[in-house]
Amino acid sequence: MKISDLIKMGLRNLSRRKARTALTVVGVVIGTISIVVMISIGIGMNTGFKSQVMELGSLSTITISKYAAIKDDKGNYIDTKEQIINEDLLNTVKQIEHVKTASPVLNAQLTLKIGNSVEGYAYCSVMDVAAMKEFGMPDVQYGEMPTEENPDVLIMGSEVPKNYFYSTKGNRYEPYQFEAGKDKILAYMEMYQYELKDPTKRAEFYLGTNIAILQQNSQYDYQCFMSLDTFKKWYMEAIDYLKPSDKKKAIKALKEYETIQLNVDNVKNVSKVEQKIKEMGYQTESLNSYLAPLEQTSNMMQMVLGGVGAVAMLVSAISIANTMIMSIYERTKEIGVMKVLGCCITDIKKLFLFEAGMIGLIGGIIGIVLSYIASFCINKYGGPLFEALMKSTSVMYDNSVSTSFSIIPIWLPFLAAGFAIAVGVISGYYPAKRATKISAIEAMKTEG
């Protein structure tokens, strides 16, 4: 039998019993929708978890802090450990394989003055100029980033100019909008933990208009940054105004860091680098450690949701098998005629397998189309439900971050269609085999 004849006969047989075929196709449609939508929700949640965590910082960044939390294997807090963070440790971690950049991260508090009537405050993170971009700092919307030639640049987050300056005219402090390029800044480094020799005298650092403002990014919007070289230069000048005893303490404090941050060349290597640092006796923190349990939860949910879809597809498989068996009983004489006319047994088997496969294909295609519609509706109207679900996890959910709750990757429709066809063919195999065993003589005696 020619393939074209087999296809024509198969389609004609399916169209002859439209109601039964349609009901069987509906079963496959429901199964396909269940699989595609359930898996897409799992993928959407996994992507949502990642985007929420990445809002907190880079997944390839590892932090070593002076006061580190000790946790058990399940991530539960046990105690706090004080660690010695210094230049020796910095040089050691720089030599670890897969570490791209490592930098101390210090804190500096500045008082900023514009003329005699405007004051501002800057809580600065201090790090190497070369490390700033490696740690994911956004581009500037105004000014230029510090360089080795021009390190004395104060970097402001996008919200700092609007929120951290106040007019001191009169007896009331009123918000003041800092104007980059116009307002000239005079900075003072605050060292509240130490005592000045003369409270009326302290070091001044003229910045002028040497300011950079970052593009909007929730992680950096309310922070300021300065280069490590500038900080050390200003620090050494500022401690000259301290009492001798406090000056010695300040010099000693500069030799130890609060934090070291390092950037790894690939997210996949973060756990390896963390393990090597822990072997040195230091505790580390990274967003990757927060993401790992979330991914496990997400993968488990994907398996559960996919299992629900698989059960629906199993029901449709039983429906296909039932339809094909009923078709054999109704077409017993037709099968006998085909055998008498010399039709090969394999052709009869192929005919029934083709019909079963077509039911799976048609149901799969319709199910995929409806899955895209369902995915759109979930993303548009299912927000409150999924926001509540994500808030129940250990990640702080931020609804300002655009998140798709159902994501259908390009491979999923093809997988679903192939699965639907496979289910159809497998479900039709027993009825097809049974059809080949019908006796031609007995079949010819059958009425109908």
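Biologist: What makes up the largest nonpolar core, and which residues have the most contacts inside it?

Modeller: This is a predicted model, and its largest nonpolar core has 53 residues, with Met 156 and Phe 165 having the most contacts inside it. Strand β4, residues 99-114, gives the most to this core, with seven residues.

Biologist: What is Phe 165 in contact with, leaving aside its neighbours within four places in sequence?

Modeller: Its partners include Leu 112, Ile 114, Val 118, Met 156, Val 160, Tyr 176, Phe 178 and Ile 185. Among them are also Glu 119, Gly 120, Glu 174 and Pro 175. A second, separate core has 36 residues, including Leu 14, Leu 353, Ile 408 and Ala 417.

Biologist: How do you know whether Ser 316 is buried or exposed?

Modeller: We set its value against the cut-off. Buried means under 20% relative accessible area, and Ser 316 has 1%, so it is buried. Ser 316 sits in helix α9, residues 287-330. Apart from neighbours within four places in sequence, Ser 316 is in contact with Gly 27, Val 28 and Val 423.

Biologist: And Pro 146, is that one buried or exposed?

Modeller: Its relative accessible area is 5%, and the limit is 20%, so Pro 146 is buried too. Pro 146 is in the loop between β6 (140-142) and β7 (154-156). Not counting residues up to four places away in sequence, Pro 146 touches Val 129, Met 132, Pro 151, Val 153 and Ile 155. From Pro 146 to Ala 130 is 16 residues in sequence and 9.3 Å in space, C-alpha to C-alpha.

Biologist: What share of the protein chain do buried residues make up?

Modeller: Of the 448 residues in the protein chain, 46% are buried. The chain has 14 helices and 15 strands.

Biologist: Why is the pair of Arg 202 and Glu 190 called a salt bridge?

Modeller: Here is the general idea first. Side chains of opposite charge can pair when their charged atoms come close. The test asks for a side-chain nitrogen of Lys or Arg within 4 Å of a carboxyl oxygen of Asp or Glu. For Arg 202 and Glu 190, the closest N and O atoms are 2.8 Å apart, so the pair is a salt bridge. Arg 202 lies in the loop between β10 (185-190) and β11 (205-208), and Glu 190 lies in strand β10, so the pair ties together parts that are 12 residues apart in sequence. Arg 202 is partly exposed at 30% relative accessible area, whereas Glu 190 is buried at 16%.

Biologist: How do you know that Lys 249 forms a salt bridge with Asp 246?

Modeller: Their closest N and O atoms are 4.0 Å apart and the limit is within 4 Å, so the pair counts. The two residues are three residues apart in helix α7 (residues 244-254), which means that about one helical turn separates them. Lys 249 has a relative accessible area of 51%, and exposed means over 50%, so Lys 249 is exposed. Asp 246, at 10%, is buried. A search of the whole structure finds nine salt bridges.

Biologist: What makes His 98 stand out with its phi?

Modeller: Most residues other than glycine have a negative phi. His 98 is not a glycine, yet it has a positive phi of about 80°. His 98 lies in the loop between α3 (87-94) and β4. Its relative accessible area of 22% falls between 20% and 50%, so His 98 is partly exposed.

Biologist: Which residues make the nonpolar surface patch of about 480 Å²?

Modeller: Ile 362, Ile 365, Ile 366, Val 369, Leu 370 and Ile 373 make that patch. Val 369 lies in helix α11, residues 345-381.

Biologist: Where does pLDDT stay under 50?

Modeller: That happens over residues 393-397, for which the model has 14 contacts beyond four places in sequence. Where pLDDT is low, the predicted coordinates should not be read in detail. Across the protein chain, the mean pLDDT is 82, and 87% of the residues reach 70 or more.

Note on methods:
Residues numbered from 1 in each chain as written. Heavy atoms only, no water. Core = buried A, V, L, I, M, F, W, Y, C linked by side-chain atoms within 4.5 Å. Buried < 20%, exposed > 50% of the residue type's maximum accessible area, 1.4 Å probe, protein only. Helix = DSSP H or I, 4+ residues; strand = E, 2+ residues; numbered from the N terminus. Contact = heavy atoms within 4.5 Å. Patch = residues over 30% accessible without salt bridge, like charges linked within 9 Å, V, L, I, M, F, W, Y side chains within 5 Å. Areas by Shrake-Rupley, 256 points an atom, 1.4 Å probe, with all protein chains shown as cover. pLDDT = per-residue confidence, 0-100.
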